Amino acid sequence: EASSAATVVVKRYKEGEEEGLFDPKPHGFCPEHGVTFQTSIIDQFEVAFGREGETLSLGCTIIIFPTVKKYQPEVVWYRNSVPLKPSKWVHTHWSGERAVLTLTHLNKEDEGMYTVRVNTKSGFDTYSAYVFVRDADAEVEVKYARFPVTGLVEGRSYVFRVRALNKEGVSRPSRVSEAVVAMDPSDRARLRAGPSAPWTGVIRFTEEDPTVGVVPGEPTDVIVTEATKSYVVLAWKPPVQRGHEGVMYYIEKCVSGSDTWQRVNTGMPVKSPRFALFDLAEGKSYSFRVRCCNSAGVGEPSESTGEITVGDKLDQPSAPGTPVPTRNTDTSVVVFWGASKDAKQLVGYYIECSVVRDTSAVVLWEPPVFDGRSSVNGYYLDIKDASVGEEGWKAVHEKTNKSKFMKVTELNAGTFYVFRVRAQNIVGVGKPSAVLGPILAQTRPGTKEIYVDVDDEGVISMFFECSEMKAGSEFVWYKNYQEIVDTSRLTIINKEGKSRAIFNSPSLEDLGTFSCVVTNTDGISSSYTLTEEGLLRLLDLSHEHKFPVIPFKGEMAMELLEKGRVRFWTQLEKFTPACQVEYVFNDAIIEEGKKYTMKFDKSTGIIEMFMDSLEVTDEGTFTFNLVDGKAKGTTSLVLIGEEFRELQRKSEFERAEWVRKQGPHFVEYLDFTVTEECDVLLKCKIGNVKAETEIIWSKDSIEIAEDDEDSKKIERKDGELTFNIGKISKQDTGIYEVFLRDERGKDKSSFSLTDTGYQAVMNELFRVIANSSTQIQVVSTESGIILYSMVTYYDENLRVGWLHKDAKLAASERVKSGVTGEQLWLKINEPTEKDKGKYTMDIFDGKDGVKRVLELGGKIWEEAFEEFQRLKAAAIAERNRARVVGGLPDVVAIQEGKSLNLTGNVWGEPLPEVCWVKNEKELTSDDHYKLKFEHGKFASITIATVTTADSGKYALVVKNKYGTEAGEFTVSVYNPEEEEGKEKKD
């Protein structure tokens, strides 16, 4: 299977003169300026190839001779003969010497023939070249001739096109589809129905509407219409119970083997009862179901679709019925066929055909001898394959043809055809003429065609040759198939089997079809159609031959060289060894000498002129005049006014720079940089230094000596000097200078770290800090939620702002922002649902600001809020749990027979329960142990007349709902007599 594409341009025929877009204007004398302008277009743009989305520029150099001050030609750009207007996509620029067209974003519509036309008051010149636009890479590749498109804006119109892809590459795009509005099909059907008749009834209000607030029912007939490895498409029917406000839908999926249903469109329900699901795992099986929702809530789910396996699988439709072709017009056929049966979600049908190549023939005839009651007003031409019967006749055209000739196309090569003509007047169509033919549709071997040429003098001629001339054979020329008898437009010269038709004064009058017939031969002839575009091209070529111009690769240019020398130069594109150059300054010829040095390298075509320096008297116009036989060329460069003075200053500067660089000098002057660690460095690069070269640093005109503290900040490495200020502060402000000096010369560089210089350093510091900030993190505390970001370093002058839902946050008791070390934070105390949403931290970076954004919602909010509540509850429990806050010793030593009284201080909310234990056994109050708990704060124990049996480990145990705590102490009862006995033994 093969196909081809072509562009067909149909121009209407109109009798009489009609001014065209490129009608030639005579290159004549301009009385306003007293000259005849000659135009040359050189350095021409060539055929260009671009790709959709790229930027493409076309340009050429235009020479207008002679040069007239304050006069500029009109430069107009065209695409396919249509003038281009400047826009967002089309930019034009005319510098006075060069015309440039820039297409900032190529589209397929930008492909075509581009023409630049230069209009002067003596005539015009044009130049054209074609621009091809390749297609951009395909964004989505699909296997089937269908694809669901998501992400469209409801109510907006879209057009689509498709390209085919195989291993060889991507095809050209299809034709653009008709515009499609992204909306629900039911809404589209309602809109197509048109407006209804105006309603004239009465609206009655009742106390309540039974359908208001009704939760919609479940959808029905949920089916999978398509299932490929790229996507799955679902469709369903809306519920019967839906209320007046309409419904939207949530889609849920369930992986095979699981009972968990997951909502697919969590962010927004959909309106249409169709949905495409992407990002499914290939080879896995899924079930799907749908829920309806409205303002009243979400309804029950539909029945499940059952398990669907993700893979390339589509139901193939059965074959359609047998196609039946029927005749419609001469150039089209209507085909009917039976619909495909049992096809699900049928998209459409494909019709196949083969491409047939054809040839053409021109048929001429004479008017009838007898017109009838009125004159003939047109003709009909009929055609028939010579091998078929009379029923094979068919009309070549539908409308009458007023001419006595017609070109018949779409003939099959190698087939014999016969023709006949019928004349028509106001009464009707007459009988057919005698049959012409049979004629074989075939190009004779060795047939030559008419060709057009322009000689060196610019004369335009048509040529036709015949090698089969016989005795009595003659060349006969025709225009629009009528013999040319008026020689005012053409001069015909025949010689030795060759005929030349010379255009005497070519213009729009000569447009038409020219043909040449050789008599007394077997029908040897040829034709040539001269179009307006072809005539303009020939006129341009004629002008080039009459007035040849030496082409330049570029206009005269100027550049500054070392020591401030100035070089004027250009390069020729085409010339002969006989080419000569004349150097001119302000209309005076200049010669080579002390001031000027000239050079013309004929091996490269480069012409140069050098000047050691520019003086005040050198302001003016520099010109190269060239003569190469008949051809001439001129290029000039104007240096006047501020442009000249600026060049002179640059020349003097370059010379001073050359002198400076003969000794130690700065390659790069003193400047600053800020490291990733936020240290500020003053840096410069030096060159042409020796070991003896002195390098001196100073601040505020005070030299930094070797024993100064600041000297430790200075470092030299590989020709680079560095002064490390470190973390900058106001104390570092001042003017820093570096001096280089030896016997060859000296140089100095300084940097003002004050005012604007200091602010520039701070802005760069802010930029580094802002870009070092991390994404916003969330941490919970017992009092609320903290949003924070870490930076490499923080400076107190850095501005940091916080926004909530794009509104600036004001400081309050509940919401505060601040800095701790390198942490920038926002504290939200006692957060509520109102605190959810987008938070933005805006850090000033010296210009606009760096933004870090966090969406405090969903899982992030849930986890942070849950942790806050947990920490808050833990803090409350810690504050209110029961505890022994003091009053009890660790160890009590008491003499036997004494009384012991201890009081412990107790705290707890709610009021704790209190008990005393000895050796892990609870004590009860009696005559020996008296236990008291007074005022909810003081728990006391009194042991009357202690004995050694009272020794042991005691504890005051307090308990409430938040916790339990024990205040432990040890009681040791001793007998003095026993102690004395032990001491005596020892």
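This report describes selected strands, aromatic rings and individual residues of one predicted model.

## Basis of the description

The structure is a predicted model, in which local features need pLDDT of at least 70 and side-chain atom pairs count only at pLDDT 80 or more, while totals for chains, interfaces and linings use all residues. Residues are numbered from 1 along each chain as its sequence is written, and side-chain values use heavy atoms, with hydrogens and water left out.

## Strands and their partners

Strands of a sheet pair through backbone hydrogen bonds, either parallel or antiparallel. Here strands are DSSP runs of E with at least two residues, helices are runs of H or I with at least four residues, and both are numbered from the N terminus; two strands pair if DSSP finds at least two bridges between them.

Five strands form an open sheet with mixed pairing, in the order β2-β9-β8-β4-β5. Because β2 (48-51) and β5 (82-83) stand at the edges with a single partner strand each, one side of each is left without a neighbour in the sheet.

An antiparallel arrangement is found for strand β42 (residues 596-601) and strand β43 (residues 606-611), which are joined by six bridges. D601 has I606 in β43 as its bridge partner. The hairpin of β42 and β43 has four residues between the strands, and G605 takes a positive phi near 80 degrees there.

## Aromatic rings

Rings of Phe, Tyr and Trp (its six-membered ring) pair if their centres lie within 6.5 Å, and planes under 30 degrees apart count as stacked, over 60 as edge-to-face and the rest as tilted. By this rule the model has 25 aromatic pairs. One of them is tilted, because the rings of Y231 and F278 have their planes at 45 degrees, with centres 6.0 Å apart. This pair links distant parts of the chain, 47 residues apart, with Y231 in the loop between β14 (220-227) and β15 (232-237) and F278 in the loop between β18 (274-277) and β19 (285-294). Y231 is buried (under 20% relative accessible area, with exposed meaning over 50% and partly exposed in between, for a 1.4 Å probe and protein chains only), at a value of 3%, whereas F278 at 28% counts as partly exposed.

The rings of F723 and Y736 also form a tilted pair, with centres 5.5 Å apart and planes at 55 degrees. F723 lies in strand β51 (residues 720-726) and Y736 in strand β52 (residues 734-742), so the pair ties together parts that are 13 residues apart in sequence. F723 is buried at 1% relative accessibility, and Y736 is buried at 2%. Elsewhere, F45, W77 and Y127 form one aromatic cluster.

F552 lies in strand β38 (residues 552-560) and is buried, with a relative accessible area of 0%. Contact means heavy atoms within 4.5 Å, and, not counting residues up to four places away in sequence, F552 touches several residues, among them I42, D43, L572 and L626.

N880 belongs to helix α5 (residues 858-880) and counts as buried at 19% relative accessibility. Not counting residues up to four places away in sequence, N880 touches G908, E909, N960 and Y962.
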